[in-house]
Amino acid sequence: MSRNPVCRRAQPSLERLSLERAVPARRTRQVGQGLTPSITPYAKVKFGTASEANGLGTGKNDYEVGVGFQQIVGRNWFPFANLGYRFVGNPQGQHLRNISIYQVGASFVATPRNIITLMYAGQQSQVSGGPAPSDAILAWNYNVTPAGSGFQVYLDKGLSNGSANFGIG
């Protein structure tokens, strides 16, 4: 058996929960061994498809770069952390800031098809002096295919004045 890390495609994560569409980048990760976590750089674009006129979004694209860390603990636990920086699409007349984002959590593989994830997600406020979003998220992924394609259901509990009280998707 080789001691080299296994390289495989990463599954999309719960990095962006919004009314606007997020396009996760295609990522590859090195599965960590021993005390060394896998390190996954990423880049993504969120297309501004929500209606600015209805107050659902800016109508501008956001761009994000970051890095994810993941480790295998035992056979079924995968703790992770993500750190990123988002370049916020800023419509004329608004003063939105670029922001840092962060997530920390763990996934539990109940069966090869059923994965439960609990995570904390936060970010800086896009508006100077505004409350920063902070959320606790519980998600269930069901993999329809062995490659990991499937669907996800999640519950979101806002923990700050910068977040919605509850979310579901």
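Residues are numbered from 1 along each chain as its sequence is written. In this predicted model, local features need pLDDT of at least 70, side-chain atom pairs count only at pLDDT 80 or more, totals for chains, interfaces and linings use all residues, and side-chain values use heavy atoms, with hydrogens and water left out.

The predictor's confidence in each residue is called pLDDT and runs from 0 to 100. The protein chain has an average pLDDT of 83, and 80% of the residues score at least 70. Over residues 1–29, however, pLDDT stays under 50. Where pLDDT is low, the predicted coordinates should not be read in detail.

Two salt bridges are present in the structure; a salt bridge is a side-chain nitrogen of Lys or Arg within 4 Å of a carboxyl oxygen of Asp or Glu. One of them joins Lys 46 to Asp 62, at 3.5 Å from N to O. Lys 46 belongs to strand β4 (residues 38–46) and Asp 62 to strand β5 (residues 62–70), so this pair ties together parts that are 16 residues apart in sequence. Strands (E, at least two residues) are DSSP runs, numbered from the N terminus. Arg 86 forms a salt bridge with Glu 64, with the closest N and O atoms 2.8 Å apart. Because Arg 86 lies in strand β6 (residues 77–87) and Glu 64 in strand β5, the pair ties together parts that are 22 residues apart in sequence. Both Lys 46 and Asp 62 are buried, and Arg 86 and Glu 64 are buried as well. Buried means under 20% relative accessible area, exposed over 50%, and partly exposed in between (1.4 Å probe, protein chains only).

A nonpolar core is a set of buried Ala, Val, Leu, Ile, Met, Phe, Trp, Tyr and Cys residues joined through side-chain atoms within 4.5 Å. The largest one has six residues: Phe 80, Met 119, Ala 121, Ile 137, Ala 139 and Tyr 154. Strands β8 and β9 each give two or more residues to this core. Another core, of five residues, lies apart from it and includes Tyr 42, Val 88, Ile 99 and Ile 101.

Ile 116, in strand β8, is partly exposed, with a relative accessible area of 34%. Ala 147 sits in the loop between β9 (134–143) and β10 (150–158), and is exposed because its relative accessible area is 65%. Ala 147 and Arg 113 are 34 residues apart in sequence, and their C-alpha atoms are 10.0 Å apart in space.

Key: Helices (H or I, at least four residues) and strands (E, at least two) are DSSP runs, numbered from the N terminus. Contact means heavy atoms within 4.5 Å.
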